[in-house]
Amino acid sequence: MTSSFYKCPHNLFIEQRLVEGLLVYYHEDGSPCALLNNLQTTPEQLLCLKCQTLLTAATRRELAGLIEANEYVYEQLRVRAPKAASELQVLLLGYHNSSLVREWLYGELQRCLQAGAREEALEYFRLVAFFLAQQHYQESLKDFQEKLRGLVNAFGAVVRAALAELEVARQSSAGYRLCHDVDFMLRYEYHPRQEVRRQHEELLQLFKL
Amino acid sequence: MDNLDVICPGTAFKIEYFATTEEFCASCGEEGSLLFRQGGSLENGLSYALNLEEVGALWQSSCVRDYLPMAAFADAFVLSSLAYHRFVEEAHGLGSLFYTHRERLQHDSLYAALFQMAARKFCEYKLAQTLPEFGKVLSLFNMATYVPYWQIAPGLGSYRSELEALEHFLYYHDIDISPNSADFAALAFPLYGAAIRTELKDLLFANVVVADWLLGVRNIRKLDLELGEDADAPKQINNCLGNIRSITEETLEEIVRKEKVKVLQAFMQNAATQVGKLAGVGRFWGKSYNASQFFLDTIKKYQRDIAELEYIFRQNFTSMKVLESFDGDINLAKQQEAYLASKTGEETRVYQYYLKRKVSVDIMIIRDVSGSTYQFEREYAEALIEILAAVNSFEGIRTLVIDFESGATLRKSFDQKLNEANIIPVSGGGTNMLPAVKLLEEQGLKGKRRLLFILSDGEINDRKQAEKELAEHCERNEIELIKLTFDPEDKYGYEHTSIMNLPKCLAQKIIARGDTDDEFFL
């Protein structure tokens with residue numbers, strides 16, 4: 001019962017074996033897959049792990065480049081680079097449907113900003129901006145604003161600076177709306193505690209360097 | 001027919017069987033399916049109608065014809081629907097997620113098709129955990145049938161390969177897919193695989209992600225408008241049991257490779273024949289029975305049987321022994337009686353006395369309530385209450401009941417009154433007797449005779465160790481051990497009895513062994 005198409009979140013091909021009536025998942029090297037065999041693992045965790053596996057440094061750079069070239073329009077990207085678009089679609093779905101994926105992504109972004117890895121942070125911001133600048137996901141206003149609020153609360157004014165640098169507002173109407181909403185939130189809804197504000201200002205300084 | 005109301009204990013339902021299509025149509029009207037119809041509501045009760053002619057034809061052509069009888073196949077329609085109500089429609093605690101899901105289910109054909117497909121498997125999995133025997137029937141039914149969603153909803157034709165791949169993965173563990181569906185399989189299979197064995201919210205999550213992935217993250221309502229889909233399509237998809245088709249043996253061979261057909265057929269055969277031997281399967285499951293109400297109902301229901309048993313016990317345990325005597329051989333009470341009789345002028349014949357037989361018995365019952373006992377859980381609890389009620393009025397008889405599955409529960413202690421005991425129909429979990437033995441060891445014994453009954457329906461996981469410990473305990477405390485089983489093919493030396501005969505069998509054993517011959521008192 002092997003398959004050359006089915007991959008687990010470890011990005012390894014999977015085969016299934018029926019052992020005493022139980023379905024057991026094995027990697028191509030014969031080792032059992034702890035993730036798929038675990039009865040407690042939820043689909044959200046699997047999706048998050050899949051996103052982590054997909055978004056290596058190389059793919060992040062490649063995807064950020066593709067997004068830049070296709071001006072944040074998913075349809076164009078799908079026509080020009082179907083394989084990359086397929087991977088990006090998984091990340092896009094993960095970002096919008098799973099808070100675990102968002103937390104992981106923001107954690108990575110935070111790490112880059114604190115380490116002063118500006119280019120890397122911009123690549124992450126480009127991906128996040130791409131996810132939020134999709135018209136389909138902006139239609140559900142409450143969900144969209146909740147996700148945006150999470151981003152603004154995590155990075156404060158760094159978000160505005162990054163969006164401005166990436167020229168997101170210029171790319172599409174959804175991008176313009178994203179920047180506009182970020183501005184609005186920072187002006188009227190952003191009231192963090194003193195030390196959080198200070199941290200965000202420090203991050204902004206690091207980002208601008 | 002099996003007792004289907006254990007699946008949805010809080011929901012009333014009725015099933016109407018129609019022998020011919022004409023009768024079915026005359027009763028249900030011409031609309032919709034000719035096979036199975038569902039009406040009513042969860043609040044006011046559900047009504048099911050089955051066209052046995054159509055169901056019979058479906059069963060005849062299906063690959064489980066040799067494994068699942070026609071009657072069970074017909075009931076599986078209702079079983080599937082009830083399981084869906086229990087595990088999907090009655091699910092609580094999902095909040096807005098559930099409402100979003102309901103709305104999308106009404107408008108989005110692809111989402112509805114994916115959900116119905118996965119939900120059937122999800123219900124099967126959940127049912128196998130809680131009521132294993134029904135789970136097996138549903139598993140066979142699901143393997144023998146499919147719903148051609150791409151025919152019901154015209155817009156789904158382009159997703160046929162993905163829907164089929166998912167169906168084969170879920171129902172036949174088949175992952176031999178076409179290269180075109182590779183990306184879909186890589187995303188959907190792990191998500192659905194995890195979702196069906198966790199919770200409903202996880203299933204909804206997986207469904208949203210996979211449906212959106214297939215749609216290419218577009219707005220489904222716009223897509224439907226563009227495609228000009230049939231507005232009734234999601235409605236028909238949601239009523240999927242009416243549109244069901246059978247999987248023939250030939251189709252099964254097309255779905256999976258030959259060597260896998262053998263594996264699947266072995267699985268079907270196993271599911272069809274291995275009844276009541278599911279030790280270790282599933283989690284504990286208990287219905288919210290009101291113990292005191294159940295007790296009262298049982299007493300009322302079996303009052304004649306209880307009175308009969310009580311009479312037999314009375315005959316044996318309180319029979320009088322005539323003692324030939326004379327004046328100087330009587331006790332103080334009888335002397336007083338004689339004195340009183342002399343004053344009142346009554347005849348003072350006090351030469352014969354009756355001695356009551358003195359009873360001092362501790363009856364301990366350890367019963368197996370594992371998942372496999374669900375088929376007779378009510379009768380099982382009733383039989384126990386019946387026998388306990390029959391011996392309840394005897395001063396010297398003390399009773400104790402311990403239930404065991406994966407763990408052990410003290411249902412009635414020696415000092416507890418019977419009407420306060422918590423004996424209810426319950427089943428679920430594994431079959432580990434050791435915790436019950438440990439619990440038994442903690443109980444203080446007083447009776448001169450001590451009888452311990454072990455009731456089981458077959459396999460006990462830790463039989464060797466538990467029986468060893470039990471034998472030592474019995475030897476130390478002079479307990480007489482009586483092992484009864486409901487499994488006619490028992491291999492472990494247990495005495496066979498049936499549930500119906502259980503009260504009488506227990507009564508016979510108690511009378512035969514609880515007799516303390518020489519103990520009499522006035």
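Patches are made of residues with over 30% relative accessible area and no salt bridge, and like charges are joined into one patch within 9 Å. In this predicted model, B:Asp66, B:Glu249, B:Glu250, B:Glu253 and B:Glu254 gather on the surface in such a patch, one of negative charge.

**The negative patch**

- B:Glu250, one of the residues in the patch, lies in helix 13 of chain B, which covers residues 249–255.
- With a relative accessible area of 55%, B:Glu250 counts as exposed, because exposed means over 50%.

**Salt bridges**

- Side chains of opposite charge can pair when their charged atoms come close.
- Over all chains, the structure holds 25 salt bridges.
- In chain A, A:Glu167 forms a salt bridge with A:Arg170, with the closest N and O atoms 3.3 Å apart; A:Glu167 is partly exposed at 40% relative accessibility, while A:Arg170 is exposed at 59%.
- In chain B, B:Lys201 forms a salt bridge with B:Asp202, the closest N and O atoms being 3.7 Å apart; here B:Lys201 is partly exposed, at 42% relative accessible area, whereas B:Asp202 is buried, at 6%.
- The side chains of B:Arg411 and B:Asp403 also meet in a salt bridge, at 2.8 Å from N to O, and in this case B:Arg411 is buried with a relative accessible area of 7%, as is B:Asp403 with 1%.
- A network of salt bridges links A:Arg60, A:Arg61, A:Glu108, A:Arg111, A:Glu120 and A:Glu123.

**Aromatic rings**

- The structure holds 18 aromatic pairs over all chains, and one of them is formed by B:Phe313 and B:Phe394, whose ring centres are 6.2 Å apart and whose planes stand at 70 degrees, so the pair is edge-to-face.
- This pair links distant parts of the chain, 81 residues apart, since B:Phe313 is in helix 16 and B:Phe394 is in the loop between helix 18 and strand 9 of chain B.
- B:Phe313 is buried at 0% relative accessible area, and B:Phe394 is buried at 6%.
- The rings of B:Tyr380 and B:Phe486 are also edge-to-face, because their centres are 5.3 Å apart and their planes are at 90 degrees.
- B:Tyr380 lies in helix 18 and B:Phe486 in the loop between strand 12 and strand 13 of chain B, so the pair ties together parts that are 106 residues apart in sequence; both residues are buried.
- In chain A, one aromatic cluster is formed by A:Tyr95, A:Tyr106, A:Phe125, A:Phe130, A:Phe131 and A:Phe155.

- B:Glu480 is placed in strand 12 of chain B and is partly exposed, at 33% relative accessibility.
- B:Glu480 and B:Phe453 are 27 residues apart in sequence, and their C-alpha atoms are 8.6 Å apart in space.

Methods
Residues numbered from 1 in each chain as written. Chains lettered and ligands numbered in written order. Predicted model: local features only at pLDDT ≥ 70, side-chain atom pairs only at ≥ 80, totals over all residues. Heavy atoms only, no water. Patch = residues over 30% accessible without salt bridge, like charges linked within 9 Å, V, L, I, M, F, W, Y side chains within 5 Å. Areas by Shrake-Rupley, 256 points an atom, 1.4 Å probe, with all protein chains shown as cover. Salt bridge = Lys/Arg side-chain N within 4 Å of Asp/Glu carboxyl O. Lys, Arg positive; Asp, Glu negative; His and termini not counted. Charge placed at Lys NZ, Arg CZ, Asp CG, Glu CD. Helix = DSSP H or I, 4+ residues; strand = E, 2+ residues; numbered from the N terminus. Buried < 20%, exposed > 50% of the residue type's maximum accessible area, 1.4 Å probe, protein only. Phe/Tyr/Trp six-rings, centres within 6.5 Å; stacked < 30°, edge-to-face > 60°.
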